[in-house]
Amino acid sequence: MLVDQTTTYNNRGSSLDDVHLDTMTDFDSLEKETKRRIIHTHLPFQCIPSQHMEKKGKTIFVNRNPKDRHVSQYVFFKKMFGTPPDYSWDQYFQEMVINDTFMSGWFNYTREMVSAVEKYSNVIHVLFEDLKLNQTAEIKRIADFLEVPYTNKLINEIADKCEFDKLKTNKLDGTAEYAKDNKSTLFRKGIIGDWKNWFTVAENEQFDEMYKREMKDVSMSFIYEDPSGK
C-alpha cells in the first residue's frame with residue numbers, strides 16, 4: 001500500500017510464482033514489471049542476489065519472537081499437502097526447534113540478517129510485535145525507509161486496512177492451492193503469546209537455554225507477551 005500509494009486491497013501475492021523468489025521460475029516477468037517490484041523470500045541473506053545489495057535495493061527483514069514463530073510454522077505445515085496428519089507438536093519441537101536446520105536454521109538465519117542490518121543502510125529489521133503494538137509508528141518507519149511520500153491520513157488508513165482480521169478476510173494470497181483444505185494458511189490468530197498454549201514448561205526451559213547459547217553475541221530482543229494482556 002505504501003509503494004502503490006493506495007489503501008485498496010490488491011492481488012500482489014495472489015500467485016506465489018509471481019512474487020516469491022524461492023519458487024519463481026519466470027524471471028522475465030520481473031523485467032517487464034512497470035511498478036516498483038516487491039519480492040518475498042525465506043532464503044538466508046547469503047542467498048539474496050548480490051546485485052540487489054550492490055545496487056542498493058531495499059530489504060525489509062521481518063521477524064517475530066521465535067516461540068510464536070515456531071507455533072505458527074507448525075500449524076502452517078500441518079495444513080499443507082505432504083505433512084502427515086499425525087505429525088505432532090512434540091515431533092516438530094524435536095525436529096525443527098531443537099535440531100534447527102530447516103532453511104539454514106532460525107538461529108543462523110537471524111544472526112546473519114541482524115548482521116546485515118548492522119552493516120548495510122538498505123536493510124532494516126521489522127518485528128511483528130512492534131507492528132502489533134506500535135502500528136502507525138512502524139508503518140511510518142517503513143515508509144521513510146522506502147522513501148515514499150505519505151500523510152498521517154494515509155498512514156492511519158493503511159493501519160486500519162492492515163488490521164489483522166481485516167487482512168485475514170480481504171487479502172489474497174497464493175497459499176490456498178498448497179493447503180489440504182484449499183484455504184489460506186497465512187492468517188491464523190495474529191496474537192502475541194500463543195506459544196504458551198503449546199510449549200511445555202520443559203520445552204520452554206530447553207528453548208531458553210538454547211537461545212542464550214546461540215544468541216549470546218547478538219543485539220536482539222523480542223516481546224513474548226502482549227503487555228495489554230490480550
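Is Lys189 buried, partly exposed or exposed, and what is its relative accessible area? Lys189 comes out as partly exposed, at 42% (buried means under 20% relative accessible area, exposed over 50%, partly exposed in between, with a 1.4 Å probe and protein chains only).

A quick note before the views: this is a predicted model, where local features need pLDDT of at least 70, side-chain atom pairs count only at pLDDT 80 or more, and totals for chains, interfaces and linings use all residues. Residues are numbered from 1 along each chain as its sequence is written, and side-chain values use heavy atoms, with hydrogens and water left out.

**View 1. Lys189 and Asp194 form a salt bridge.** Their N to O distance is 3.2 Å (a salt bridge is a side-chain nitrogen of Lys or Arg within 4 Å of a carboxyl oxygen of Asp or Glu). Asp194 is buried, at 3% relative accessibility.

**View 2. Lys67 meets Asp208 in a salt bridge.** Here N to O is 2.9 Å. Lys67 sits in helix H4 (residues 66-79) and Asp208 in helix H11 (residues 201-214), so the pair ties together parts 141 residues apart in sequence. Helices (H or I, at least four residues) and strands (E, at least two) are DSSP runs, numbered from the N terminus. Lys67 is buried at 5%, while Asp208 is partly exposed at 28%.

**View 3. Strand E2 (residues 123-127) is mostly covered.** Val123, His125 and Leu127 are buried on one side, and Ile124 and Val126 on the other. Five bridges join E2 to strand E1 (residues 59-63), and the two run parallel. Thr59 has Val123 as its bridge partner.

How values were computed. Two strands pair if DSSP finds at least two bridges between them.
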